[in-house]
Structures are given as structure tokens and as C-alpha cells.
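Hi everyone, and thanks for coming along. Let me put the structure up on the screen, and then we can walk through it together.

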Amino acid sequence: MPNKPAIIVKDAVKRYGDFVALKKINLSIQDNEFFTLLGPSGCGKTTLLRMIAGFEDVTEGEIFLFGEEIDKLPPHKRPVNTVFQNYALFPHMNVRENVSFGLEMLGQSKSDAMRCAEEMLELVRLSQFASRKPAQLSGGQQQRVALARALAPQPKVLLLDEPLSALDLKLRKAMQLELKHLQRETGITFIFVTHDQEEALTMSDRIAVMSDGEIQQLGEARDIYERPRNTFVADFIGDTNLLAVKVESISGSMVQCLLKGGQRLKIAVNDKIKIGDSLHVSIRPERLFVSDVDDSRGTLRGTVKDNIFIGTDINSLLILDSGDEFRVRASNSDRGNKRIYAPGKQVFVTVEEGAARLLVD
Amino acid sequence: MGSRKYNIRAYPGFIHLTVLCLLILYLPLAIVAVYSFNNSPSIVVWEGFSWRWYLDVFIGLESAKFKLAAKNSFIIAIIAATVATVIATFSATAMIRGGRFRLRTVSFGLISLPLMVPEIVTAVATLIFFNSIGFERGVLSILLAHIAFCIPFSYLPIAARMQGIEDTYEEAAQDLYATKRQAFTKILLPLMMPGIISGFLLAFIISLDDFIITNFVKGAGVETLPTAIFGAVKQGIKPNIMAISTMLLAFSIVMVTLSYLISKSDDKT
Ligand SMILES: Nc1ncnc2c1ncn2[C@@H]1O[C@H](COP(=O)(O)OP(=O)(O)O)[C@@H](O)[C@H]1O
Ligand SMILES: [Mg+2]
């Protein structure tokens with residue numbers, strides 16, 4: 001048996017009065033993992049994180065840290081640290097005192113704690129700001145102090161609640177890399193909360209996609225992106241085309257689906273489905289090819305409505321004969337290629353093999 | 001930035017009204033201050049500048065009486081303000097950090113109500129209370145009464161300061177292995193300090209200055225500065241009273257200014 005999981009959340013429920021914030025959450029997070037809780041605002045990410053940190057009690061269920069039940073312990077007895085969304089740096093202490101605070105509370109002598117704080121500050125490249133007060137730092141620097149402060153006591157698990165959401169885009173990208181790097185370097189398990197799917201895909205070993213207090217899907221980034229389990233996940237992660245279809249016939253591993261306008265699409269079976277079911281199919285825009293000749297494999301017919309230049313790519317908006325809107329993404333380097341057609345032109349769309357995915361709910 | 005249209009200064013008579021109000025407020029104080037330096041026993045005719053009445057306060061005939069009264073006043077004010085501030089600090093912590101408990105609004109009302117009750121009512125009630133439990137009147141009865149009525153005054157700045165402190169600081173402290181008590185002493189208390197000092201100074205001034213309640217609950221022969229001044233004034237206003245008043249005024253201004261500056265200070269530096 002490999003190492004015990006860093007965190008196990010077992011049948012955890014959180015209710016505020018009548019309101020159910022989390023419905024029976026089950027999670028197992030491995031040691032050394034960069035794990036992300038991803039979901040829209042209000043889905044319960046913070047609540048789950050605060051339950052692990054000890055700021056919210058668990059209405060039902062249990063939480064284990066390396067096999068030890070921690071859900072009844074007060075926050076200061078849990079060897080996990082948090083990077084708060086607003087950083088919560090102590091305004092009356094300077095940067096060094098902030099970073100050494102946890103170590104001193106753990107009983108280290110002041111000089112040891114200070115020395116360790118200096119090392120942490122070096123790690124986040126803030127040594128020259130050690131004597132400043134938090135208010136004298138920029139947002140990105142405060143962020144790194146918060147990180148150093150939470151890492152200094154060498155927690156078993158680090159919790160990060162949307163730590164990058166207050167930063168501007170460029171700084172956010174840089175911090176994403178830095179965080180990932182720090183996680184590798186320290187070997188500490190990170191549980192990272194974000195509502196930004198791109199951020200989650202970039203950084204995570206595994207992602208739990210949440211909505212309405214439930215985990216919709218849990219898996220590796222690529223897995224979730226390519227094999228979303230339901231329409232929520234398909235829609236929330238990345239860009240996708242969702243088409244309503246009806247199951248016409250099933251033969252072996254392939255399903256024949258009927259679109260609204262009478263066109264047909266062959267898709268791989270992926271779930272318990274039966275003939276006559278009304279389902280959705282999700283197709284990522286970058287896995288479609290447009291052509292102006294019907295090569296007989298060309299399954300869908302439509303008309304180009306618009307082409308939108310977005311830097312690296314060009315998004316083409318099509319109207320299928322079924323009436324559905326359809327987005328196709330082509331790399332900008334394909335410009336010389338024939339795949340970008342003028343608005344009004346009739347085109348045929350080929351779906352890359354295995355790219356269409358049937359979703360039951 | 002008020003728009004031109006609603007610029008209050010544009011109303012007719014604005015300047016005159018302002019000057020009138022300021023005169024009514026400050027002219028009496030100014031006259032007292034000026035005449036405390038009058039080189040004459042008269043309180044109406046100016047006869048030149050002198051320090052004689054200030055000297056009189058410290059070494060004159062009535063100086064022993066005033067010194068004792070001042071000593072009483074300061075001792076009572078320091079103890080009353082200290083005790084009231086400690087009580088107010090814990091009340092504010094319980095009220096603001098205690099979560100949403102039942103009767104919270106009622107509790108807040110109960111704490112701040114004394115500010116709105118006419119002081120004479122409080123005075124009579126306190127006197128009746130002391131009488132009914134057979135408490136001997138003297139310095140101790142004054143002190144207890146002062147502690148009681150100072151609490152709401154020190155509570156307000158402390159609670160106001162505390163309301164502005166997000167509770168994530170304490171959460172962060174607990175997350176970093178501080179117990180609840182350590183989070184309070186190492187994080188919350190230092191952050192509240194400006195409010196606490198401001199509350200202390202306010203309570204101190206209120207206690208130092210109190211006349212009505214003190215006059216009711218003090219025992220015979222025990223005087224604080226305000227009651228001593230009142231007693232002296234009954235025998236006719238002499239310029240030495242003006243000198244004492246001016247010193248008290250200066251002291252109060254310093255304290256109130258300090259209280260204001262401290263409550264405004266933040267941890268940005
Ligand atoms: N103390 C609370 N009392 C009542 N409802 C709460 C409380 N805290 C959070 N909630 C509710 O729980 C849900 C999940 O909140 P939260 O975990 O903060 O979401 P997220 O972090 O995913 O945006 C929200 O609908 C929120 O309104
Ligand atoms: Mg949140």
C-alpha cells in the first residue's frame with residue numbers, strides 16, 4: 001500500500017440552518033499533490049477549505065489528515081496552513097514578524113523563528129523587504145509574504161483560497177508558475193481554490209469540479225477537459241459546443257444520433273444510454289475541421305456567420321442547418337490554409353475522431 | 001465635493017450664523033481664560049496681565065482645599081477610566097466577536113443607553129441604590145459611580161475600532177497555531193489599541209469633569225475638583241476659580257485632541 005492520502009473527506013455535509021452548502025462530499029487527496037477545487041462562486045469551495053482548516057465545523061461526516069481524524073480539532077491544533085484570499089497579513093507586524101509568527105506559536109525560540117523566516121523570505125525573493133509593514137508592499141509582494149508565512153511552519157497541507165484573484169493578469173500568470181514551482185520544491189500538498197478554469201487546468205495535478213455543493217467530476221486536468229462527465233463540466237471547463245441530440249440506434253461501441261435539423265452524427269458510446277434518449281453532445285471547438293467540399297465523411301452542414309480574430313487563434317462562428325450555433329477554433333498559423341471561409345459561405349464540418357462526447361445530464 | 005448648486009456657503013447669512021454660533025460657544029470660555037490673567041480681584045475690569053491667580057491657586061488661602069479636591073479627582077478619574085476601559089474592552093470583544101447571540105441588540109442598547117438617560121436621573125438612581133444597600137458615601141462611592149457611567153463612553157470608540165478589524169486576522173493567527181487567547185493578546189489587542197487608548201482618555205475626561213452624579217453620591221466633606229469649584233463659586237466668583245477652570249480647560253483640550261489623534265492613527269507605517 002502506498003502512502004496514506006494527505007486528506008480524506010468522508011461523507012462531509014455542511015448545513016447553515018436549512019441551507020445545504022455541501023452535500024455529502026467525498027474526496028481523497030494524495031500526498032505531494034497539487035489539488036484544485038474549481039467551481040463557480042457560491043458552490044461551496046471556501047466552505048470546504050474552511051472545514052479542512054477548522055474554521056467551520058462539519059455538520060456530518062469526517063475529515064482525515066494522513067489517517068488521523070481532525071474534524072473535531074481546533075484550527076491551531078491542525079498542521080495545515082492557509083493562504084487567505086485577502087492575505088490577512090497582520091498590519092501591526094513587519095514582514096519578518098509576520099512570517100515567523102507561526103513558528104513562534106509552535107514554540108520555536110525567537111531567534112530560530114527569525115532565521116527560518118529569513119530563509120522563507122529568500123525563497124519568495126522578498127529578503128530586502130523584511131522590515132517593511134505589509135501596507136508598504138504591492139499586492140503581488142503581499143501575496144508572496146502570505147505564502148511565506150503559511151509555508152514557514154512546514155504544514156502537512158497548504159490551503160489556498162483564490163490567492164491570485166486580486167492580482168492583475170500578468171502578475172497572476174507569473175504567480176501561477178511560482179506557486180507550481182514552490183509546490184514541487186517543498187513537496188507540500190497544496191489544495192488550491194479557484195473559479196478560473198484556465199488557472200485550474202494550468203496548475204493542477206488533479207481537479208475537483210464543483211457546483212451547488214457537489215463534486216461534479218474529479219480527475220486529471222486533461223481527463224476532465226477531454227472527457228467531461230456532464231453538461232455542467234463540459235460547459236464550465238474550456239469552450240465547447242453543446243448540441244441537443246436524440247439516440248437513434250446503437251451498434252457496438254458507436255451510437256447514431258439525430259440532430260434537430262435531421263442531420264446525423266456517429267459518436268462513441270460512453271454511458272448507459274438507450275435508444276430514444278434525449279441527450280447532449282459536447283464537441284470542443286478546436287477539434288472541428290471546416291471544409292467547403294463535402295468529403296462524404298463531412299457530417300454537419302452549415303453557414304459561416306463570422307470570424308473573430310483573438311490573437312493566437314481565429315474563432316469561426318457557424319450556423320448549422322439544424323439552427324444550432326457552432327464555434328470552430330483554428331490556430332492562427334493555419335491562415336494560409338483553406339480553413340477560414342468568408343461569412344455567408346456554405347461549409348461542411350468534420351468532427352475529429354473521438355472528439356464528440358455524449359453527456360447524460 | 002458638493003456641487004455648486006448645493007454649496008452651503010452660498011446660502012444667505014451663512015457666515016453670520018456661523019460666527020454667531022462660534023461666539024456663543026466660545027466667548028464665555030474666552031472671557032474666563034482672559035480674565036484668569038487679570039491683575040485685579042475684579043472679574044469685569046481689565047487691569048493688566050498677571051499670573052497672580054494661578055499662584056493663588058497653588059499657594060493661596062484656598063489652595064489646600066483645591067489640591068485635595070484635584071488629587072481626589074485625578075485618582076478617581078485614573079482608576080475609573082482604567083476599570084471602565086478594561087470592562088468595555090471585554091464587552092466589545094464579546095459583543096462583536098461573540099457571533100450572533102440572542103439579545104445582542106438588547107445588550108448593545110443596554111450598554112449605550114446611559115449616554116441618553118438624563119444625568120440627573122442616573123444620579124438620583126445611583127444615590128438611591130447606594131442608600132438602599134447601606135453603602136457608605138465617600139471616595140469609594142464616587143469611584144464606583146464613575147466606573148459605571150464611564151463604561152459606555154470608553155465602549156464606543158473601542159467597539160468602533162473593533163468593528164473595523166476583520167476577523168480573518170484572528171483566523172490567520174489561529175491557523176498559525178495561536179490559541180484563542182494568543183490570537184486575542186497578540187493580534188486583536190494591538191490592533192484595538194488606538195480604540196482602547198481613545199476610550200480610556202474619553203472616560204478619563206468624563207470622570208474628571210463630572211459634577212451632577214458626583215455631587216449626589218459624594219459623602220459630606222469629600223470633594224472633587226468640580227464640586228469644590230461649585231462650592232467656591234457659591235461664595236462669589238473670584239478670579240482664582242477662573243484660573244482653575246482655565247487649567248482644566250487646557251488639560252481637557254489636550255486630552256481630547258490626543259484621543260482624537262490616536263483614534264485616527266492607523267497601522268499604515
Ligand atoms: N456563514 C454562512 N451562513 C450561511 N450561508 C453561508 C455561510 N457561509 C457560506 N454560506 C453559503 O454557502 C454557499 C457556499 O459558499 P462558499 O463556500 O463561500 O462558496 P465559494 O467559495 O465556492 O464561492 C454560498 O451559497 C454561501 O452563501
Ligand atoms: Mg470563496
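Which element gives the largest share of the shell around ligand 1? It is α1(A), with 3 residues. Helices here are DSSP runs of H or I with at least four residues, strands are runs of E with at least two, and both are numbered from the N terminus.

Before going on, a word on what we are looking at. This is a predicted model, where local features need pLDDT of at least 70, side-chain atom pairs count only at pLDDT 80 or more, and totals for chains, interfaces and linings use all residues. Residues are numbered from 1 along each chain as its sequence is written, chains are lettered from A and ligands numbered from 1 in the order in which they are written, and side-chain values use heavy atoms, with hydrogens and water left out.

Back to the ligand. Around ligand 1 you will find, among others, A:Tyr16, A:Phe19, A:Pro40 and the run from A:Cys43 through A:Gly44 and A:Lys45 to A:Thr46 and A:Thr47; a residue is counted here if one of its heavy atoms lies within 4 Å. In chain A, β2 (19-29) and α1 (45-53) each bring at least two residues to this shell. Sorted by class, the shell has 5 nonpolar, 5 polar and 1 charged residues. For those classes, Ala, Val, Leu, Ile, Met, Phe, Trp, Tyr, Cys and Pro are nonpolar, Asp, Glu, Lys and Arg are charged, and the others, Gly among them, are polar.

Now look at the oxygen atoms of ligand 1. A polar side-chain atom of A:Thr46 sits 2.6 Å from one. From the backbone, an N or O atom of A:Lys45 is 2.9 Å from a ligand oxygen, and one of A:Cys43 is 3.2 Å from a ligand oxygen. On its own, ligand 1 has 560 Å² of accessible area, and the protein covers 60% of that (Shrake-Rupley method, 1.4 Å probe).

Let's move to chain B. How many helices and strands does chain B have? There are 11 helices and 0 strands, and the C-alpha atoms fill a box of roughly 70 × 65 × 35 Å along the principal axes.

Where chain B meets chain A, 20 residues of chain B and 28 residues of chain A are in contact, meaning heavy atoms within 4.5 Å. About 2200 Å² is buried between them, with carbon and sulfur atoms giving 65%; buried area is the accessible area (1.4 Å probe) that two parts lose on being put together, summed over both. B:Asp175, B:Leu176 and B:Tyr177 supply 36% of what chain B buries there, more than any other three residues.

The interface also has 1 salt bridge, that is, a side-chain nitrogen of Lys or Arg within 4 Å of a carboxyl oxygen of Asp or Glu. It joins B:Glu171 and A:Arg50, at 2.8 Å from N to O. On the chain B side, α7 (168-175) and α8 (180-209) each supply at least two of the touching residues, and α7(B) gives the most, with 7 residues.

One last stop, inside chain A. A:Arg184 and A:Asp205 form a salt bridge, with the closest N and O atoms 3.4 Å apart. A:Arg184 is in helix α5 (residues 169-186) and A:Asp205 is in the loop between α6 (197-203) and β9 (206-211), so this pair ties together parts 21 residues apart in sequence.

How values were computed: Polar contact = N/O pair within 3.5 Å; in protein donor to acceptor, adjacent residues only side chain to side chain.
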